[in-house]
Amino acid sequence: MTVMSEQRFGEFVVVRRHEGQEHVAELVLDRPKAMNAVSSEMARSIGAACDALAADRGVRATVLTSTHERAFCVGADLKERNSFSDAELVRQRPTARAAYTGVLELPMPVVAAVHGFALGGGFELALACDVIVADRTAVVGLPEVSVGVIPGGGGTQLLPRRVGAARAAELVFSARRVEAAEAHALGLVDELVEAGRDREEALALGSRIAANSPVGLRAAKRALRLGQGLDLRAGLEVEDAAWRSVAFSGDRAEGVAAFNEKRKPDWPGE
């Protein structure tokens, strides 16, 4: 796969675009010496990269990947945290939160490609994505209570939405690590692929997603996210508002025309 363009955000985060996949962005965690442990600097870079991606109307799908062979991300940089005073920890908190909310609030569909360790904040980055593709080496979990804290990157809220309150409670309270096969069976990850194929399969899924209407994709994601937790009547109102936002768009007109003319759509993206 040939890299068409590459933009670096600080030392530890890269956004890549590949030939033949111009509407798919690869958001790369690139701190291999620390197994992608999220330091303050790396958190700022993730947030900045997400801001840039959110503003790029040409991106229809984002794929979150890792350059480390044995880890997606091992969570917060505990060596850095150990050096903080209480006041420094308080000041750092908004920086950490911005990294996780940056991924969570990306307006286009986001796919995580997980292999090896995805623990604590690393698993929370994956949970912030819409779909998690994991290979058979993956080990996931939220072990924060074992070091005297709790998940702080969205884990206590995102995990129950995936697997239900009781299962999420067991996983958070036990702090246990879950290997790939069980993680797939429990719904902690969505697709399980052979070892070493997580990135390839996630990028392929990103390409399939990106073939669809960019206006439709963003509206569908908005309806899915905003409708979570609402009763049915309220959820249907959210869906109707999202439908109205696309019903008179150029994408809708092009999609209907292309279907009737039996050709591939040329999405205007508006």
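**Close-up views of a predicted model**

**View 1. Helices H9 and H10 side by side.** The axes of helix H9 (residues 214–227) and helix H10 (residues 232–247) come within 9 Å and cross at roughly 165°. Axes are lines fitted to C-alpha atoms, for helices over the stretch in contact, and angles run from 0 to 180 degrees between N-to-C directions. Helices (H or I, at least four residues) and strands (E, at least two) are DSSP runs, numbered from the N terminus. This is a predicted model, where local features need pLDDT of at least 70 and side-chain atom pairs count only at pLDDT 80 or more, while totals for chains, interfaces and linings use all residues. Residues are numbered from 1 along each chain as its sequence is written, and side-chain values use heavy atoms, leaving out hydrogens and water.

H9 and H10 are therefore roughly antiparallel to each other (angles over 145 degrees). On the H9 side, the contact includes Val215, Ala219 and Leu226; on the H10 side, it includes Val238, Ala242 and Val246. Contact means heavy atoms within 4.5 Å. The residues of this contact divide into 7 nonpolar, 3 polar and 2 charged. Ala, Val, Leu, Ile, Met, Phe, Trp, Tyr, Cys and Pro count as nonpolar, Asp, Glu, Lys and Arg as charged, and the others, Gly among them, as polar.

**View 2. The sheet of 7 strands.** The strands form an open sheet in the order E1-E2-E3-E4-E6-E8-E11, with mixed pairing. Two strands pair if DSSP finds at least two bridges between them. Strand E1 (3–9) and strand E11 (191–193) stand at the edges, each with a single partner strand, so one side of each has no neighbour in the sheet. Strand E8 (residues 131–135) runs parallel to E11, joined by 3 bridges. Asp135 has Val193 as its bridge partner in E11. Helix H8 (residues 198–210) packs on the sheet, and E8 and E11 are among the strands it touches.

**View 3. The sheet of 4 strands.** This open sheet has the order E5-E7-E9-E10 and mixed pairing. Its edge strands are E5 (71–73) and E10 (178–179). Strand E9 (residues 139–141) and E10 pair in the antiparallel sense over 2 bridges. Val139 has Glu179 as its bridge partner in E10.

**View 4. Gln92 and Leu236.** Gln92 lies in helix H3 (residues 86–104). Gln92 is buried, with a relative accessible area of 7%. Leu236 lies in helix H10. At 44% relative accessibility, Leu236 is partly exposed. Buried means under 20% relative accessible area, exposed over 50%, partly exposed in between (1.4 Å probe, protein chains only).

Definitions and conventions. Angles under 35 degrees count as roughly parallel, over 145 as roughly antiparallel, 65 to 115 as roughly perpendicular and the rest as oblique.
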